[in-house]
Amino acid sequence: MRPRKLSRRSTGADAVFEHGARAVGASVLVITGGVGVFLAWQAYPTLKRYGLSFFTESQWAPDQDVIGIAAVLTGTVSVALVAMAFAFPLSVLVALYISEYAPARIRSTLVSLVDLMAAVPSIVYGLWGFFLIMPYAAELALWLQRNFGWVPFFKVENTDPDAAVWDTSRYVASAFCAGIAVAMMVMPMACAVMRQVFSQTPQGEKEAALALGATRWGMVTSVVLPFGRGGIIGGTMLGLGRALGETIAVVLIVSPAFEIKPRILEVGTSTVSSLIAGRFGEASTSQLSALLAAGFVLFVITLIVNTLAAVVVNRSRSGAGTDA
Amino acid sequence: MNRLPARLLLSLLVSLSCVLAMPGASHAAVYAQIEGTGSTWSQLIVEQWIADVDANGMKVVYTGGGSSKGRKDFSQKSTDFAISEIPYQGTDEQGNADTSNGREYSYLPIVAGGTAFTYQLKIGDKPVRNLRLSGETIAKIFTNKITNWSDPAITKDNNGRALPSLDITPVVRADGSGTTAQFTTWMDKEFPSVWRPFFGRSGLTSYYPRKGRAIAQAGSDQVMNTISGFAGNGTIGYVEYSYPVNKDYPVVKVLNKAGYFVEPTDYNVAVALTKAKINRDKSSALYLTQILDGVYRNADPRAYPVSSYSYMVIPTGKTDSRMTTAKRQTLADFLYYSLCSGQTKAGDFGYSPLPVNLVQAGFEQIGKLKQADPAVNLSNRDVRSCNNPTFDGKNLNKNKLAEVAPQPAACDKTGAGPCGTETGQNKPSTDGGGAATPDANTPAAPGGGGAAAPSAPGGGAPPAVDPATGEVAAPTGDTGTAEEVYANPTELAAERPIDSKTFGWLAAVLAVGIVVLPGVYAASLRRRRRPGGAR
């Protein structure tokens, strides 16, 4: 006798809900895919025309028919790395303080304050960076060059840090200055992810550590941080993804220069998104295609970074780090 | 409950129908919001006009963005007008179309002005405010041939007065800009041997080829911000004269063909532009556009060489899908205000009013809006009723402003001075009060300024000689008595790096201390409060 056939098909309201949810869920994929396909479609003429030189050429001079994203990609990465260098320690420490140290009554205030930072429009961070932070960032850059000038990326060319009057204009509008402003935008996002993961640390293990005589710091290092390792990495990479694409603040702060420049303290750099924002308004059809090709490359990079971040965050949910 | 919304709706409908019925009424025009983008060169005066007409119910939105963007937005029908320094180029540098995409349009001059070279240069802590440069020196600075403020060419332009040894940082436009186009046109026409090897080609460009130490910034305001910013010492950039006037920043006095160094005041611009060749061929697509070769070489001692007009591009097509009667009416009335009363404000803002013949030609162009749409009301628009400062009441072709323009001060001549008057104040630098005849008051001590200036700062000259003008006890008139700033370009030995290293590390230790010390202090307090860790 054959067993009774079980139908997995849902009926009635269930079916409506299932299909509705599936359609809505699919729309996210359709939109993201649509963006990718649109960019790829628009980028095709440019990629075909310039070929590999699109990735190796550093100049962006549409009026001389020379177009390449080597310089802007370097700039994008250096701004993002500077941003993460500031945002990473800040967000880890803030998340730890909020989840482990802060008194319960101010915890919610702190959380909403950090969230408020995320709500501030990026143009405000741009103006803040341009008018308020840049003078001090320039002095910090001078100090870094003076004392760590032997590190290749702290070098500033054609200027003497020990000159009687320092050459201020060489130290402003740099990837370093832009990175500081971007760090402030990235921090709340990374912090939120980390805080969430830290707060998922099993209460029992934390209490066990304390019961064994650990100080609170000992408990954090032995339980919370290992458990939250995935969250820290994931949050950082989500932040990195955002830092790669940050636009208006960068447009306001940097002075566009199309050179492959690992020297982050030196004036002038350009990022993919600031290039698009700066040149979009006056672009002709073929220039637009070139800009969208640059955008396509950025899209792919951001997609990879964010996907990696999502994978890492998902893995960390199991608390695998604490098993050992 | 239901009554109130119904009444509201009714009143709304009534008022709406009133508005809709307006075109028939003759007493009040119906306006609709118009939008435009383009030049940041003329943005300051346009924004003032917009603020002025707002009281009359005209809503005009102008967002700048650069001339290239203005022309492109107009061609894509995303704006109702554009402002650009240069006309549509047919094809741009890359061979792409730079046309209106078939949208019908007319050019219309809206304001004149001088492209000023503003700078920040400090000696000690005092800003230099009376720098003068020849056109060739300027071209060489922006093509990275002259890279230091103590360069002999600059010293020579300033009659032997040396500036500190400081690297020059040119600030150029990063976006497609009409200011850049005007500036490079001037360099290409006047100094091709300097400009062409640097650019690699001949001709103008809207995108400045940034090289070397130059810093690029988008938009005139960002260029101005960079120059006036904390890191601006040693920078020089090109913007419309209104920007430095607004920020109280000095501008370079540029050498003209008559051998005088002049500032782009409204007078000097008006004088220079009397030699502008305007395309008078009404059938030409470039009707009313400018050819400025004569301006660059204008031999009048008052002429500012880098002067030009700014143009509005207006849609004149009958079937223009973006335009409505209300929009055309708004545009026409806005332009009427701009070309008439608006011009009286030009001088104060660092621009120069249009001569009346161009205003009249502009009126004819506005008339094309009525040809496109007969419902547009253009009655009572006459040039003669226009309150224009260049108009002397009779001869339309005369520019009154250019005739009353004061002669430059004697100390502004090559080989004399330099004058101590501050630039960027929107005041003419002149010897007499009003209009003076050229060279009437020849300096009594022509050699005195030249020989004494470099070595004798300020009051070193004999007491009878005015230190500012080099003139013997002459009535100073508008000539300010500002103190001159001098420098001896001496290279100081660099400070000993060992010192700064010590202080550098001290700074690092302090920074760590600021973060850590409060915690340590709090911990020690707690420990003291509970002696021996009471358990």
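**Overview of chain B.** Of the 535 residues in chain B, 49% are buried (20 or more other C-beta atoms within 10 Å of the residue's own, with C-beta atoms placed from the backbone). This is a predicted model, in which local features need pLDDT of at least 70 and side-chain atom pairs count only at pLDDT 80 or more, while totals for chains, interfaces and linings use all residues. Residues are numbered from 1 along each chain as its sequence is written, and chains are lettered from A and ligands numbered from 1 in the order in which they are written. Among contacts with a separation of 6 or more in chain B, 74% join residues 24 or more positions apart (contact: C-beta atoms, placed from the backbone, within 7 Å).

**Close-up 1: where chain B meets chain A.** On chain B, 35 residues are in contact with 28 residues of chain A. Three elements of chain B give two or more residues to this side: α3 (67-75), β11 (215-217) and α17 (497-529). α17(B) gives the most, with five residues. By class, the chain B side has twelve nonpolar, 14 polar and nine charged residues (nonpolar: Ala, Val, Leu, Ile, Met, Phe, Trp, Tyr, Cys and Pro; charged: Asp, Glu, Lys and Arg; polar: the others, Gly among them).

**Close-up 2: helices α5 and α6 of chain A.** α5 (residues 122-148) and α6 (residues 175-199) of chain A pack at about 135°, with axes 8 Å apart (axes are lines fitted to C-alpha atoms over the stretch in contact; angles run from 0 to 180 degrees between N-to-C directions). Residues in the contact include A:Trp128 and A:Ile133 of α5(A), and A:Phe176 and A:Met184 of α6(A). The contact of α5(A) with α6(A) has twelve nonpolar, three polar and no charged residues.

**Close-up 3: strand β1 of chain B.** β1 (residues 34-38) is mostly covered, with four of its five residues buried. β1(B) pairs with β2 (residues 60-65) of chain B in the parallel sense, over four bridges (pairing needs at least two DSSP bridges). B:Ile34 stands opposite B:Val60 in β2(B).

**Close-up 4: helix α10 of chain B.** Eight of the eight residues of α10 (residues 266-273) are buried, so this helix is largely enclosed by the rest of the structure. B:Asp266 and B:Leu273 are among the buried residues. The buried residues of α10(B) pack against elements of chain B including β6 (105-120), β17 (307-315) and α13 (341-346).

Terms used
Contact = placed C-beta atoms within 7 Å. Buried ≥ 20, exposed ≤ 12 C-beta atoms within 10 Å, placed from the backbone.
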